[in-house]
Amino acid sequence: MSSVVRLVVLLARRSPLRPLSLVILTAIATVVFVLVSDLSRVSQEGLDQAIVAENGVYGSFVVTLDSGLGLTAGAESALVGQAARAVGVEQRGYFEDMPSTRSECPPFQAVGDQVLRLLWDAPGKPTALPFGSVDGVDTQWCIGGQTIPDSALFYPSDSQRGLYQDRLYLAVAYREVILLATQGPVRRGYFVVSRSDATNPDDIARAVQARVAPFAELMGLDPAGAVQVARSSRDAQLVRAASSGIAIVYNVIRWGVLLLAGIALLSFQLVATRQRAWFYGLARALGTGGPRIVLALVVEVVGIVTIGATVAFILLVLASAQIESFASQAFQVKARPLAAANLGTTAVGLAVIAVAAGLLPTIGVLRRDPLEVLEAPRD
Amino acid sequence: MTASLHDVVSLRDVVVEYATGSTIVRAVDGVSLSVQPGASLAVVGRSGSGKSSLVAAMGLMREPSSGSVWLGGEEVPSGSRERARLRAQNIGMVFQSFHLEPHLTARENCLMSWYWGAADVGRRRAVEQAEEVLGLVGLRSLAGRKVAAMSGGERQRVAIARALFSRPALLIADEPTGNLDEENSERVAQILFGLPREADCAVVVVTHDPSVARGADDIVKLSRGRVTLHGVDQPSDEVSS
């Protein structure tokens, strides 16, 4: 087998123009593919983040249960989670709206009654929020003679309200302060996310109602009335569709570049094997079997693609600092052209090209009668 | 005719047919002949007489439509893989168009069998072997020269050397002087017909040139796929007509 590889290397060395051209073609296509892949990623991530900040996570709903059911947060969370799984959506934590209170300290004493919200990932696991970020408002919330510092409060900025709404969030540590100072029920709501435009909130409601029905009956409540499901994210269908469309365009561009390179490589190889039909006919006249001829053709193409990809990788490594700096300064994004996902996808794409461009020409080579090609006049 | 154990190759009632569209063309029509070790045979005939088809069957490049081919006293089985193996081990071929890789040297072209894995020797021995066969055709000193820089006669000699690399029992040359001038044709013919003595292999040369054919130990003339003349003691005008 190694003698066939030696032959391929020898022929490439003695007649380097064609293999060199193909190496350059492969390198250029690989670099473009990697850069467009990363550009697609940063564009998509940035756009999606902006959409979520403005409009909330796509397909978000809030499930609220009647406090008259007498269930703990853990029990309610478990029931909602079961219902969510049954209809194929994901449960994502819950909120607790504390009873309405009025701050005794300025300036909030002038604001009137406010509901402070606590956010939980799961019972006993508070959500990490940027407490202390209060959008420039001079906050002090005083209740029951105790001052709650602004480091325990979070008031979303304009760009965050799509996700967090226009609410004042309280750190969990001060929950009991509010409860001691007020009288009123804590209202809980459970987030479920479908990421789909097609989710019907009634389906979610029915699934939850089925699970709370025994408790509702026990408490003399109507299960249908004990469960409310409301959409919490803004539809923003056009914006989300535009984002999906942009992702499609980027994919078309990057895979199109690789496909064109593959077609060019295959075309070169088809022309070359046709022009050198006598060479392979001679090999068969010398008694060489089909597998060795296939090996020679595949080794040549795999070698070209591997060297081209290596050249591309070296270029990207050398230029990665400049690429990241440019992306950061020009677009305020964090480019990572050498990310594992980019390189992995590139490797898969190049492997498919190598196999196709290596194997397809062999069909013609092996189908031709060696005697006919040897007797035909050479170009 | 029975196959002799001493014959390098024997053809027995060989028929070779081709389909061209809806027509079947019989290129070789029941030919029987044999080639003995250390002998040379010239196959002559006009264009379309079946010469190339005959040697294609003899060289195991084409399977006969009927009849049998015997190699070294054993009948050659059907099946491309076995025939390829026998061809690699026993037969060398030389073509009118040389079929040499121009960017490679004479030595590297001779090594083509080795590169394709048909010769089971190490690289060093293979190189020695290549230079030996180049010596047989008088080109040892040009072993390192690229074929593109050689004359037509030199190229054909390299092609002969390549065919001799695996020391075949039989060397078949199909119109080896077709692309050469008179002087080179004579020289190539001398080398070919000297090979039974120099390289201990039988030689079959297909040619339309009677001056080339005269160098062979035996001559066979084909016409419409059949042997019409056999033997060296034929009038030259009969051979060339």
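Guide: A polar contact is a pair of N or O atoms within 3.5 Å; within protein, one must be able to donate a hydrogen and the other to accept it, and residues adjacent in sequence count only if both atoms are side-chain atoms. Between chain B and chain A, 8 residue pairs are in polar contact, both residues at pLDDT 80 or more. The side of chain B that touches chain A takes two or more residues from each of α1 (51-58), α2 (80-90) and α4 (112-115) of chain B; helices (H or I, at least four residues) and strands (E, at least two) are DSSP runs, numbered from the N terminus. The largest share of that side, 4 residues, is supplied by α4(B). By residue type, the side of chain B that touches chain A has 13 nonpolar, 7 polar and 8 charged residues. Here Ala, Val, Leu, Ile, Met, Phe, Trp, Tyr, Cys and Pro count as nonpolar, Asp, Glu, Lys and Arg as charged, and the others, Gly among them, as polar.

The model is predicted: local features need pLDDT of at least 70 and side-chain atom pairs count only at pLDDT 80 or more, while totals for chains, interfaces and linings use all residues. Residues are numbered from 1 along each chain as its sequence is written, chains are lettered from A and ligands numbered from 1 in the order in which they are written, and side-chain values use heavy atoms, with hydrogens and water left out.

In terms of contact (heavy atoms within 4.5 Å), 28 residues of chain B touch 29 residues of chain A. The two chains bury about 2600 Å² between them, 63% of it on carbon and sulfur atoms; buried area is the accessible area (1.4 Å probe) that two parts lose on being put together, summed over both. Of the area that chain B buries against chain A, 32% comes from B:His99, B:Tyr115 and B:Trp116, more than from any other three residues.

The rule also finds 2 salt bridges across the interface of chain B and chain A, a salt bridge being a side-chain nitrogen of Lys or Arg within 4 Å of a carboxyl oxygen of Asp or Glu. One salt bridge joins the side chains of B:Glu101 and A:Arg276, at 2.9 Å from N to O.
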